[in-house]
Amino acid sequence: MSETVGEPTASAPAGAGPLLKVRGLKVHFPIVKGVFVDRVVGHVRAVDGVDLDVARGSTYGLVGESGCGKSTLGRAVLRLVEPTAGTVEFDGVDVASLKGEALRRERRRMQMVFQDPMSSLDPRQSVESVLLEPLAAHGVTPEGGKDAHVRRLLDVVGLPGSAAGRYPHEFSGGQRQRIGIARAIALNPDLVIADEPVSALDVSVQAQVVNLLEDLQEQLGLTYVVIAHDLAVVRHVSDTIGVMYLGMLVEEAPSDDLYATPRHPYTISLMSAIPIPDPDVEDRRERILLAGDLPSPANPPSGCRFHTRCPFRQETRCDDEVPALRTLAPGHRVACHWAEEVADGRITPAASAFDATAVPTET
Amino acid sequence: MGTGTSEELDLGQAPGRPGRTAYDGPLLAVDDLSVTFTRRGRRDVRAVDGVSFAIRPGETVGLVGESGSGKSVTALAVMGLLPGRGVRVGGSVRLEGEELLGASDDRLRDLRGREMAMVFQDPMTSLNPVVSIGVQVTEVLRRHRDMTREQASVEAASLLRRVGIPDPVRRLKDYPHQLSGGMRQRALIASALACRPRLLICDEPTTALDVTIQAQILDLLRQLVRESGTALLMITHDLGVVAGLCDTVHVMYSGRVVESAPRRPLFGSPRHPYTGGLLASIPRLDAPRGAPLHPIQGSPNDTIPWETGCAFAPRCDHRVDACTTSAPALEVRGHASVRCWNPLPPPGRTAAAQEEDA
Ligand SMILES: Nc1ncnc2c1ncn2[C@@H]1O[C@H](COP(=O)(O)OP(=O)(O)OP(=O)(O)O)[C@@H](O)[C@H]1O
Ligand SMILES: Nc1ncnc2c1ncn2[C@@H]1O[C@H](COP(=O)(O)OP(=O)(O)O)[C@@H](O)[C@H]1O
Ligand code: SF4
Ligand code: SF4
Ligand SMILES: [Mg+2]
Ligand SMILES: [Mg+2]
């Protein structure tokens, strides 16, 4: 055991540039069929060309419908799945080029928090052994001994020291998520990817975990990528938000701008569909309804991938020309051919977008 | 593509049934309902404990509360769908004045087809996986609306189309696993609507769905209530859904209703500390960012039995001495009914001014 880990402390890495730099990232899963011999009949294009930067000490939120590729993107950054193409640079180092010891060392600096606190914890493992496991795996000796380290971690996430000898099933969902977070920060990482960290929790408990994540970021200088489908939660915690649709980023903006001036028709529709716990607001709002379901990522639509559901779709360009992610305002990127016309009201949504019984035609 | 023909949502006026005497009470009246699960060798679980509420035709009533608070068990008790063994049910459930607790299985089955229907949280478990969508919907039509096979398939296709399912004639032949989650939930709603129920219970109908699909389905329900006068009981933990859909809201905690109010006062000036706590703990998309959230401490597991006090007391920051010695009753306070020894002050009143009143 050569390395040590001490008090969790603020340790935002000092280097210049973004902590995480993703370029042209693609993850395609083969679709395999066959009775005797497996044959690849196509690919699920889970992530299909994503560029993004995450600044040190900041929180990047990733939102989008289920199946749009958020989790796969997060897992590819940590190399829990192998990217099909593209690069992931962590603190200036291309993660894909790393092997063996060097990869293990970098991995230590990147951790993940999962959605379902129960299924990500081994029911037969005591909390203490859950928290010591990452240390053992990386051959790290805690400063001041194992007991002190476990108690310190529990304290940081707001659990009593007596929790150490207990088992995951003895805890509530919120407490289990605290254990999952304690495990993620056990090695004093720089980057934490949290995949739906609160969506399995009761409403009254979600805020506890959100606040804990924010406190830890302040204390430990963590950089977060927070993946969630709940835009209100994501907006609350994030500095920058990326909106994904069918494996691609369609819009990226500072958190406040995204809510104040959403530019992509998908973001505009999504925003209008999120229920707000205020009857006055709900009664005044006009919802833009999207027709149909998310198309299959194995066979994404041509041109703009959103064109089969887009209430703003135009006769030209939308169906056959892939829109580039263009910078329209500082830090605000949008992948829509008609973003300017949509923004200034020259293009308005089709009437069917306001009628729940409008029947989408098969695509 | 993407857009399509729009059509009137003519789901049919829930017809007045001939041969009934005029009745002007609520369509559904639940009174002092209690449900206790008794399993041998286990402590009894009182899942629902003295719950009362009513729904009028054309009214949408919300039941909110966190996991395990008794929402689904309440709904199952109303529908007569609780298991026959190991359950003790008390109180009264009346549909248009007719008592359902203790009614025969035949009678309940008949009412479930004709007068009331339920949409469950998980559409996969409530659609029969080995029967095509078409057969599932036409069965209801043939049994309860006495249609011929041909009439039923025409009507079934039209129902699917009206809930926004594209290419309905082809879809009738599909099995549930061939549909996406959103389509399955629509198919389930179509089959619930097939008998033109006068009472529709939706238990978390959109929780498993994406928000864009949720918006479609909520709009459909809104339209249904408005145009056919259906009485809707909406069960959800999403306060945003409640704010946009429900006329009256009942907040449940640990088996009891702790606050009942029309939606505006409920959101504008919650009186029960649990309701207030819930509203303070959720981030709002339209609120300024950076404002800290105020979580409720502890978890829903931290309760004390209602017999010994207020079940919410271990988590309540408004607790007073009485809270852990005797159970508060549901009392009328302004627009709301509140079960609390020390409710939050009404708007414009400080806690101090309120204490002076006491
Ligand atoms: N068949 C059963 N046998 C024993 N206990 C049960 C049974 N069904 C429900 N319960 C218990 O009754 C209580 C209320 O359950 P219910 O399903 O009504 O909760 P809910 O409010 O619908 O929660 P959720 O939001 O998770 O759906 C819980 O404590 C639950 O464990
Ligand atoms: N290991 C895998 N093998 C095959 N397909 C996968 C795998 N993981 C994810 N997918 C598919 O990739 C797409 C994106 O999935 P995911 O990243 O989990 O979406 P999200 O997290 O946004 O809900 C989905 O269509 C999903 O079914
Ligand atoms: S490019 Fe066309 S289809 Fe795509 S989002 Fe813009 S308007 Fe809609
Ligand atoms: S009765 Fe007491 S403990 Fe219960 S909610 Fe009211 S103030 Fe809180
Ligand atoms: Mg996911
Ligand atoms: Mg339930």
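pLDDT is the predictor's confidence in each residue, from 0 to 100. The structure here is a predicted model.

**Exercise 1. Find where confidence in chain B is lowest and highest among its elements.**

Step 1: Start with the whole chain. Chain B averages a pLDDT of 86, and 90% of the residues score at least 70.

Step 2: Go element by element. Helix H12 of chain B, residues 351–357, has the lowest mean, 50. Strand E10 of chain B, residues 256–262, has the highest, 98.

Step 3: Check residues 1–20 of chain B. Their pLDDT is below 50. In the model this stretch still has 55 contacts beyond near neighbours in sequence.

Step 4: The ipTM is 0.85 and the pTM 0.87.

**Exercise 2. Describe the extent of the interface of chain A and chain B.**

Step 1: Count residues. Chain A brings 57 residues into contact with 64 of chain B.

Step 2: Take the area. About 5,200 Å² is buried between the two chains, 57% of it on carbon and sulfur atoms.

**Exercise 3. Work out the polar links between the chains, then the make-up of the chain A side.**

Step 1: Count pairs. There are 17 residue pairs in polar contact, both residues at pLDDT 80 or more.

Step 2: Look for salt bridges, with a cut-off of 4 Å. The rule finds five across the interface. One joins the side chains of Asp280(A) and Arg264(B), at 2.1 Å, N to O.

Step 3: Assign elements. Helices H6, H7, H8, H9 and H10 of chain A each give two or more residues to the side that touches chain B. H6(A) gives the most, seven residues.

Step 4: Sort by type. That side of chain A divides into 27 nonpolar, 15 polar and 15 charged residues.

Definitions and conventions: Residues are numbered from 1 along each chain as its sequence is written. Chains are lettered from A and ligands numbered from 1 in the order in which they are written. Side-chain values use heavy atoms; hydrogens and water are left out. Contact means heavy atoms within 4.5 Å. Buried area is the accessible area (1.4 Å probe) that two parts lose on being put together, summed over both. A polar contact is a pair of N or O atoms within 3.5 Å; within protein, one must be able to donate a hydrogen and the other to accept it, and residues adjacent in sequence count only if both atoms are side-chain atoms. Helices (H or I, at least four residues) and strands (E, at least two) are DSSP runs, numbered from the N terminus. Ala, Val, Leu, Ile, Met, Phe, Trp, Tyr, Cys and Pro count as nonpolar, Asp, Glu, Lys and Arg as charged, and the others, Gly among them, as polar.
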